[in-house]
Amino acid sequence: MWNNVKGKVMGMKILHGFCKYCSQRHASVGVWVKRTPEKHRQYGQVPGKTRLLATRNYSTEPPWRVLFFGTDDFAVESLKLLSASRDSNDRVVESLEVVTLSNDVPVKKFSDQNKLPVHVWPLGDLQGRFDVGVVVSFGCLLREGLINQFPCGILNVHPSLLPRWRGPAPVFHTILHGDTITGVSVMQIRPKRFDVGPILHQEIYHVPDNFTADQLGATLATKGAQLLIDTLRTLPERITNRREQAQDGATLAPKISKSMSWIVWEEQTCVQIDRLFRAIAFRIPLRTIWMGKTIKLLDFAGKCNISLSGRGRIPVPGSMSYQKESNTLAVCCKDGWVGFKAVMLKKRLSAADFYNGYLHQSFQNRSGPPKQECLFHSNRDRTELHSAGEENSLTQQHTVH
């Protein structure tokens, strides 16, 4: 297991070398002993040779001493299974401690409720206290010196099939780009860059139709937690058989932002708007410009079956049509119409309330070009955006490709 033997401590040897399980450099102590032929056969040695036995200051098989890094609800699912494993018959965790970034996050609350020791970030010296680290939704790069203090390295549970969707928001981009297949990966962390380490375990998941990012995240959190336990159960073997990520097919998944929520009616299709809603709207409402004001579009109703042509002219993107039968406000986009059941102006209004209060009189005169009252505008005109009182930081356009 060790090489490069140097030094002595009270008649024992100091070992400085690389662990066969994690290929990282560690230090320990050991003693030279002679083996009987039977014991040589047990350890796969040649009779008569001398073997250096290291004192065990870390585990080489389960159960492990684990230090967990995490913050959000996605991370809590893995922390729950790790915590439960300490008391199971087939336990893979001997001890469990936690590192988080704030007192007001789900991981901290779960740790307090279950009396798990919590460490303050950043960490100091941990040498010899833990066998393996586990990172789930932590959001901070770990320095090389910290990683090297874990004999079996630090594992990461990531909700994508790496190298696709490296970065902090893989679930959102999976939905936004219409991926039909995704999954979870357990990898070993490497310093300086996110999500580039070797893969220890992966599991494929077929994304159901019309799934939201919230639903997909909850599902992958559960699957990732179980995959983590399976990985820890056979960790030395997994590390030995780890594989480097492919260079081809890598994509980035940056954080979602308010700039993504602006709809570009003339460029986005019904499918793209549907994906955008399912990806981000449960956190950031979709938005457009109406009469120089920002309006939020709520309760997406999907594609509406309205002809693009009518009354001798083709509606322009952003045109509105109130559908009384379904109480839906339909809006024309690049290739059709999409519907919303409610909007947020000064307050939440149903489609019927918005039509009756603001649009009804304008819709009575349907001849000629559509009136401004009957149009939503894309976030293109910075002057118009400024008059709406929005910050310049939100002027970035976003088009789904």
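S12 and S13 form a hairpin with two residues between them. In that turn, Met291 has a positive phi of about 55 degrees. Helices (H or I, at least four residues) and strands (E, at least two) are DSSP runs, numbered from the N terminus. Two strands pair if DSSP finds at least two bridges between them.

This is a predicted model, in which local features need pLDDT of at least 70 and side-chain atom pairs count only at pLDDT 80 or more, while totals for chains, interfaces and linings use all residues. Residues are numbered from 1 along each chain as its sequence is written, and side-chain values use heavy atoms, with hydrogens and water left out.

**Strand pairs**

| Strand pair | Bridges | Residues standing opposite |
|---|---|---|
| S12 (residues 286-290) and S13 | five bridges | Trp290 and Lys293 |
| S13 and S16 (residues 337-344) | seven bridges | Leu298 and Ala342 |
| S9 (residues 154-158) and S10 (residues 181-188) | four bridges | Asn156 and Met187 |

S13 spans residues 293-304 and includes Thr294. Is Thr294 buried or exposed? Thr294 is buried, at 17% relative accessibility. Buried means under 20% relative accessible area, exposed over 50%, partly exposed in between (1.4 Å probe, protein chains only). The C-alpha atoms of Thr294 and Met344 are separated by 8.9 Å, although the two residues are 50 apart along the chain. In a regular strand the side chains alternate between the two faces of the sheet.

**The seven-stranded sheet**

An open sheet of seven strands runs in the order S7-S6-S5-S8-S9-S10-S11, with mixed pairing. Its edge strands are S7 (118-120) and S11 (199-206), each pairing on one side only. Neighbouring strands of this sheet are turned by 20 degrees against each other on average, direction ignored. Helix H3 (residues 106-113) packs on the sheet and touches S5 (64-70), S6 (93-100) and S7. Contact means heavy atoms within 4.5 Å. The direction of H3 makes about 135 degrees with that of S6. Axes are lines fitted to C-alpha atoms, for helices over the stretch in contact, and angles run from 0 to 180 degrees between N-to-C directions.

**Cysteines**

A disulfide is a pair of cysteine sulfur atoms within 2.5 Å. By this rule the count is zero. Cys332 is in no disulfide either, as its nearest cysteine sulfur, that of Cys333, is 6.3 Å away. Cys270 is buried at 6% relative accessibility. Cys332 is also buried, with a relative accessible area of 1%.
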